[in-house]
Each structure stands twice: as structure tokens, then as C-alpha cells.
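Here are a few friendly notes to read alongside the structure. They follow the place where two parts of one chain meet.

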Number of protein chains: 2
Amino acid sequence: MPLKTINFQDNKLILLDQRRLPLEISFFQAENYQDTAFAIKDMVVRGAPAIGATAAYGVYLAALEFKNKSKDEFFQGIISAGETLKSARPTAVNLKWAVNGMLKILFKNREKTTEEILTILKTSVHEVAREDIEINKKIAENGNELIPDKANILTHCNTGALATVDYGTALGVIRKAFSSGKTIHVYIDETRPRLQGARLTAFELQNMEIPCTLIVDSVAAVLLRDGKIDLVLVGADRIANNGDTANKIGTYMLSEISQRFNVPFYVVAPTSTIDFCLPTGEEIEIEERDPEEITHIEGKQIAPANVKTYNPAFDITPAQNITAIVTENGIIKPPFKDNIQKIKPSLA
Amino acid sequence: MPLKTINFQDNKLILLDQRRLPLEISFFQAENYQDTAFAIKDMVVRGAPAIGATAAYGVYLAALEFKNKSKDEFFQGIISAGETLKSARPTAVNLKWAVNGMLKILFKNREKTTEEILTILKTSVHEVAREDIEINKKIAENGNELIPDKANILTHCNTGALATVDYGTALGVIRKAFSSGKTIHVYIDETRPRLQGARLTAFELQNMEIPCTLIVDSVAAVLLRDGKIDLVLVGADRIANNGDTANKIGTYMLSEISQRFNVPFYVVAPTSTIDFCLPTGEEIEIEERDPEEITHIEGKQIAPANVKTYNPAFDITPAQNITAIVTENGIIKPPFKDNIQKIKPSLA
């Protein structure tokens, strides 16, 4: 990937505009936290880890914006920007995690001068971005152990370099398996309504010359039944303490059919995706998005005007349908309730 | 529906062009059997019963084309046209059934003059169309018994007046339930890749003012799990002797999730859809269609160029996932192998 998903230059956040890919390479420039929140909400940038890093830069942009105000106003401005950023998309926990991480650093250094705080925040946000790449590479190494040679892998949505600062989560594992010399083939769910599979995953896999085949989402069930899939790899937007996982709409369906035919189903995500305070997936808020995501494609209307829609962006895959969760801290196996707790202390 | 799916006027077949609906009302005029075969192949007209009636008109158009040839050439021309029409789409058995029905009439009357044969074929083809409507109404009456008041119904693809000469099969049942005073609500799968749910079913239900909600295909699994669906109604393109059913891609996935959560899953189709000679669904040829159906929408490219695709138009739902098959000759319940045979003698 020569194209960077997230770039920070001259105090501006430059995002690869994923709404236009793969047919148009363009960039979205966020000059303040409001632009940043818009970019998250409108899915200029998407994918839980990428959203997290973007939001951290949003907090830093707010700090720059309010640096000449009184210390109180500086703090108030950043806190309020954090709220705006956190509410841009409700399901991904990485977003809250990243913003809260920045705010924690802010408070820890509240006795310092504004100028000093700015420097610390800048270092921290670059650190978040740098760490995201390292974490993904560690996840990929861990996940690679699960991929047999000659595997046919099914994946959903996009979990690649475009969904992270770089490298990818589920797609990072695929990338690692391929670069380590394994012969693999990937079936890509197109992932309606936003078509992240068709637009982004197909684009990334083609760029990396990894053999792949694009399918509409409902074909996956037939492939799973017919023994054409050796394992399923998906990302996550939020993982509850019992292993229940919120991920892109369509993930639950895959997990149910995988379970029916004993096909291993792996969730691949950084530890920051785990919401240790959340007992089960039932408590996860599911974002419902604009009807136009279903009724229009590329700005062209396809359904009759004013038709009612139901458009949840995510669904919950119950823990019992998940074979293992691959993180940078190792592969978590059932019983998830116990084993997720075991990796908790290793968090900073 | 003021718009007729299939109309025959001044020796021309006028088809409502379903490739443009719901945003453009236009008609496709077939002047000969080649035009007719193209219309079937390109999905100007679709839906097993509508394809059957269209193909019967195609045979009649061939008869008109060759009427001034020698009797041998007249017969040869019609037989060859029949082959072209039957091969336009391989999965729907109604297509073969309708063409073979016309050829049977042709052979039965081979001693008559060409002029007399033409008159007989014309009467027969109009009869096929008239009968299709009657059959659908009988199916709807039978199916209505299965619909409880206040039902939430899930349907896939389009099985309405647009998929038949008029009235509809699965959508005919919904229409009958609504017109008989029941309060119902229909969830419509958009049905990728051709979006017949979003384009055609939403259009028909809105026109009939039947409450409905459009969803992307993978949302259905969540609704089925969460108890939001009381029953599933789908059509069929071919039903094997044991009840295995070929229908629009995505049907199998719905059947599997319905089975998992004990939601009744009904196949609604005329008896002409049953291929009594076919022991199981394994023998059904599945049509694979153009990659552009996935990579382009409304002529706009959405996936990277040259990405490999797998695009089966249909899938096979195993008999054990089907609660009952609703036909004009009654509701067939398991064991299908025995009970399908029981309605065979009632065929003409």
C-alpha cells in the first residue's frame, strides 16, 4: 500500500477518502476537530482501529485550536471536542478508548503550560498511530499460526491497511500468511450496504496480488455448506467481556452458518476493541444509518422513493459462534469470560 | 398493478422492462423469438412463471416467422426456436415446461394446415397466460391459510405480478392476506446482485399500500434470530421430486437461519415449477451470470477492474429446511418425496 490511510502534516490531518475508492484516489483534509468528526461520521475513514487513531488526531487538532485561550477554556474546548468525536459513531469502542486516552494524558499534565501540554499531546498521538501498526503486526503473527497452507479464507467488510493506521487486522493475518509463503485464496463478501468488501478489500488484495474472488454476501452460506471455506476471518468494532462481538452487519449470519458446518470462525482485533466493562453484547448500542445507504448506490437511486428501511451498521455475533479471538496479546480461546479477563492486566 | 408484465398485441410481445424499474417505466418490444430469448437472458422479464409465459409467446412468434415456409421448414424453424428459448436461462423449469407444452401442441396437430396450426398455437399461448393468472389466484387462496393476523413476513427477490403474468406467487399470498383484511408487515430482502427486492418487490408493495421495510440481505439473519419474523415466503425456479428447491441466490441462507430458530419457511410456486423427473436438487444446473452484475450497479463500476467474481444466480434449499410448498393443487407438507408424487396425476 503506497497510500497512507492517515497522515498528519503541517498541523492538518490528511485522510485517504475511502468513500471514493477504488475508482478515485482522493484525500480529505481535516483542519479541525469538527472536520475530523465529520470524516468519521460520513465514513471518509472507517474501521475501528483507523477511527480510533483519527479521533486521537481530532483531539490534538482541538488542542491546537484552543491553545491561545485561557487554560480553563483550553481544557473545556478539548473535553467538548472529545465528546463530539466520541459521538460520531456509537458502536466502535476504539473511538472512545483513543479519545479517553488523550484526555487522560491531558489531565495528567494539567499543571504544565499549554505549550508543554501541546508537545506531550503531539508525541502521544503519533505514538498511538505508531503503536497501532506494531499491534497489527503482532496480531498478524499470532493469527498466522491459525492459517493452514492452501487455505480458502472467507472475509467480510474491510479490515486491511485502510481500516487501521497501516497493515490491518483480519486482512493483516491474511497478508502475513501470504507473505510467509503460504498458498491462500480469499473469498471477499461485498458487504452491503457500503460495499467495503467490493471497494476496499478487493482493492487491497489486488494490490498485494493475493488471489481472491468477490461474492455477494448471501453466496457465503452456499460456500460454507459446500466445504469451500476452511476458515472465516473477521474484524470487530467492540468485543464484550464474554466474547460477544459487534462487527459489520452480516457477520452474525456468517458466524451462524460457520457454526452449522463446523468451519472455524475467528475474530481478529486489537485489545483496545475489548470493552472489559461490558458484560455481554446485549448492552452494545447498534448504530442505525441513513436509508440512502440502501436506496442509493453511488448517488443513483435504486429503490422506490420513500420506502421504509431498517439499516443497522453492525450486528452482534454471540461468543458461542466464535472459535477464537486473535489479539496482539495472544489468541483467546473459550471460555472467553475467563480468558478475556486474563489479558486485561497486560493493558497499559 | 396497472402495468402489464406481458402483453401481446399486433403480433408483437410487449414486455414491461424490469431492468429499468422502479425509476423508469419503459417497454421492450419483441418482434421475433430471438428478441424474446434476449429479453429472457438479459432479464427484461424474470421470475419463473413470467419466463414460462414469455417463452410460449416466443414459440408463437417463431411460428409466425416461418408460416410461409414449407411445412418441414416451418416445423424445423419452430423446434430450433424452442431450443434457443429453452437455453436462454438454464435453471427455471417453467421455461422448458412452457416451450415443450407448445411443441407438444404443434406435433399433435401436425396433419393440419399451417394456418390452422397457427390459430391453435395462438389460442394455446393465450390460454397459458390466462391460466397462469388463475393458478396464482388459487395459490394465493391456499397460502393465505398459513398467514396469521399481525404477521411479520420476510420475502426474498420478487415473486409478484412482475414475476408472473399477473398477481404473483409468494407475493400473491401476501397480497391475498392483505386484501382479506389481515394486518401484515413485510420485510423485503434487497436481493443482491440484481436487487429485485429493492427495485421490484418494494415497488409492488408500495403500489398496493402494503406496509413494508427494505433491508440488505444479511440483516434477515438478525431479524430471524430476534423473533421479528413470523414466517418466510419465497418463490421457486425449480423444485426436485424430493422437495429440494432452486431459487434466487440467498434463499438457502434464509432457510438455514429460519430452521435454526424454528421460523416457518414456505416455498410458493405453481406445480409447473416441480421437475417430477429430478430426484434431488443436486442435479439442478445453477446458472452463473456476468461478473458485471456484482462489479457494476446501474452501469457504475464499484469494484476494482478485473476482480474475479463468483456469481451464481440461484442456490439450492434442501427439503429439510422447507416447512411446506404451496401450490395451486394444495399445500404440500413433508415427507415431500411421497406428497409431491401425490399431486403429479392432477397435471394435464
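1. A:Arg89 and A:Glu287 form a salt bridge, with their closest N and O atoms 3.0 Å apart.

2. Please keep in mind that this is a predicted model, where local features need pLDDT of at least 70, side-chain atom pairs count only at pLDDT 80 or more, and totals for chains, interfaces and linings use all residues. Residues are numbered from 1 along each chain as its sequence is written, chains are lettered from A and ligands numbered from 1 in the order written, and side-chain values use heavy atoms, without hydrogens and water.

3. Where do the domains lie? Domain 1 covers 6-137 and domain 2 covers 146-343 of chain A, with bounds from an automatic or database domain assignment. Their centres, taken over C-alpha atoms, are 25 Å apart.

4. On contacts (heavy atoms within 4.5 Å), 30 residues of domain 1 of chain A meet 34 residues of domain 2 of chain A.

5. The area buried between the two domains is about 2700 Å², and carbon and sulfur atoms give 59% of that; buried area is the accessible area (1.4 Å probe) that two parts lose on being put together, summed over both. In domain 1 of chain A, the residues losing the most area to domain 2 of chain A are A:Arg46, A:Thr91 and A:Asn136, together 22% of what that side buries.

Notes: A salt bridge is a side-chain nitrogen of Lys or Arg within 4 Å of a carboxyl oxygen of Asp or Glu.
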